[in-house]
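Dear colleague,

Here is the structure I said I would pass on. My notes on it follow below.

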Amino acid sequence: MNQIKHAGLLAGTILTSCALSIPAFAQDHSNHNMAASIHSEHNGHIHTSPAPISVMGDHMHKKGDWMMYYRFKHMTMKDNRNGTSDLSIADVIALSNVNTPPANLRVVPTQMSMNMHMISGMYGAADWLTLMVMGMYTEKDMDHVTFNGGGNQIGNFNTRSSGWGDTIIGGLIKLYENDTHHFHLNAALSLPTGDIDKEDDVLAPNGTTPTLRLPYAMQLGSGTYDLLPGLTYTGASGLWGWGGQYKATIRLDDENDEGYSWGNKHEMTAWSSYQFTPIWQGNMRVSAETMDEIDGADPLIAAPVQTADPDNYGGEIVEIGAGFNIVPTSGVLTGHQIGFEASAPVYQDLNGPQLKRDFAITGGWVYRF
Ligand SMILES: [Cu+2]
């Protein structure tokens, strides 16, 4: 059943990608000179139109070229859902607690926000091989309401965690390229540099405020070495650009130091872009992802809250995004690029009671030299 759903999601993504790309084949090439100047920018650093700023590892570099990236992503989650059914706060506290006692969930998350600051570098080691490294600083924030044993609300509280997350190193390997089409492999490794033992004060059902290990969702890293394989296709013709990317996150360790591993994740993304002026590009994206629940458990994460249950993680989410890139092609700003994208989910089928994904914004600054 799940398999069929996955296949449906992926097929939908691919179809949408084709639909977005049709104009690329249909349009006349009267504007080809402007497009050619865009696509052959600065000493041939990049031959294709840039992907939406949220897409990583979308392009390669010529031998000897460097690029620095700063990206910021703000993401929010709000209200609860199980599968595709929305849950009220009353629905959540009626659910049983796996870490009994108490018998029922007594703390309900209502909102979460995440800020990620991503700093990465790319280097063209050869025309067929681009190396990359990325570090990430993350801030997480979650709001909750607490109920006592009798089911009466006794207050609310907020938990926070922040610090450096996992570090990604890897490479992009060119498979095929002609004037219009480009394919490369993405091969990266995520190193467990992010903390997985963050704590904060909580409001317990008995009215006390103990300092506890925060649930999985509030930790900063996976705690495991993760393989990040992928395949990227990009195309450009005239003023149009388009592409597709498959990316997976495969946990290489059975469990981390605290006794669990996050679920494997698979993502498909398709995008299309149009160059409205020589420096301004608009773009659209559709992404589908599926992630398994957490395997194992951290014995120190045991509060009567849904986020303390390893089964209440993962699910299937489809989101769409729209954004722009500004790429100056002459003058002192040549080599710089600014991008922005806003995205929101259009479908989410979540494993167990979970906060629903809400909107996200991504901004970034790129410098090539
Ligand atoms: Cu780059």
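The secondary structure of the chain amounts to four helices and 17 strands. Helices (H or I, at least four residues) and strands (E, at least two) are DSSP runs, numbered from the N terminus. This is a predicted model, in which local features need pLDDT of at least 70 and side-chain atom pairs count only at pLDDT 80 or more, while totals for chains, interfaces and linings use all residues. Residues are numbered from 1 along each chain as its sequence is written.

Confidence

pLDDT is the predictor's confidence in each residue, from 0 to 100. The chain averages 89, and 87% of the residues score at least 70. Over residues 1–47 the pLDDT stays under 50, and for that stretch the model has 59 contacts beyond four places in sequence. Two residues are in contact if their C-beta atoms, placed from the backbone, lie within 7 Å.

Whole chain

The chain has 369 residues, and 41% of them count as buried. A residue is buried if 20 or more other C-beta atoms lie within 10 Å of its own, exposed if 12 or fewer, and partly exposed in between, with C-beta atoms placed from the backbone. Taking contacts between residues at least 6 apart in sequence, 69% join residues at least 24 apart.

Strand pairing

Two strands pair if DSSP finds at least two bridges between them. Strand E13 (residues 265–275) pairs with E14 in the antiparallel sense over eleven bridges, and the two form a hairpin with four residues between them. Within this pair, histidine 266 is opposite threonine 290 of E14.

E14 (residues 280–291) is also joined to E16 (residues 315–326), antiparallel, by twelve bridges. Here tryptophan 280 stands opposite isoleucine 326 in E16, and glutamine 281 stands opposite asparagine 325 in E16. In a regular strand the side chains alternate between the two faces of the sheet.

E16 in turn pairs with E17 (residues 336–368), again in the antiparallel sense, over twelve bridges. The bridge partner of glutamate 316 is aspartate 349 in E17.

Individual residues

Most residues other than glycine have a negative phi, and most peptide bonds are trans. Aspartate 79 lies in strand E1 and counts as partly exposed because it has 14 C-beta neighbours inside 10 Å.

Is alanine 51 buried or exposed? Alanine 51 is buried, because 28 other C-beta atoms lie within 10 Å. Alanine 51 sits in the loop between helix H3 (41–44) and E1. Leaving aside neighbours within four places in sequence, alanine 51 is in contact with Asp58, Thr234, Gly243 and Trp271. The C-alpha atoms of alanine 51 and glutamine 281 are 9.7 Å apart in space, although the two residues are 230 apart in sequence. That glutamine is the residue opposite asparagine 325 in E16.

Glycine 163 belongs to strand E5 (residues 153–164). With 16 other C-beta atoms within 10 Å, glycine 163 is partly exposed. Its contacts, apart from neighbours within four places in sequence, are Thr138, Asp195 and Leu220. Between the C-alpha atoms of glycine 163 and lysine 140 there are 9.3 Å, and 23 residues separate them along the chain.

Serine 96 is placed in the loop between helix H4 (89–93) and strand E3 (107–126). Serine 96 has 10 C-beta neighbours inside 10 Å and therefore counts as exposed. Not counting residues up to four places away in sequence, serine 96 touches Ala103 and Asn104. Serine 96 and arginine 106 are ten residues apart in sequence, with 9.4 Å between their C-alpha atoms.

Regards
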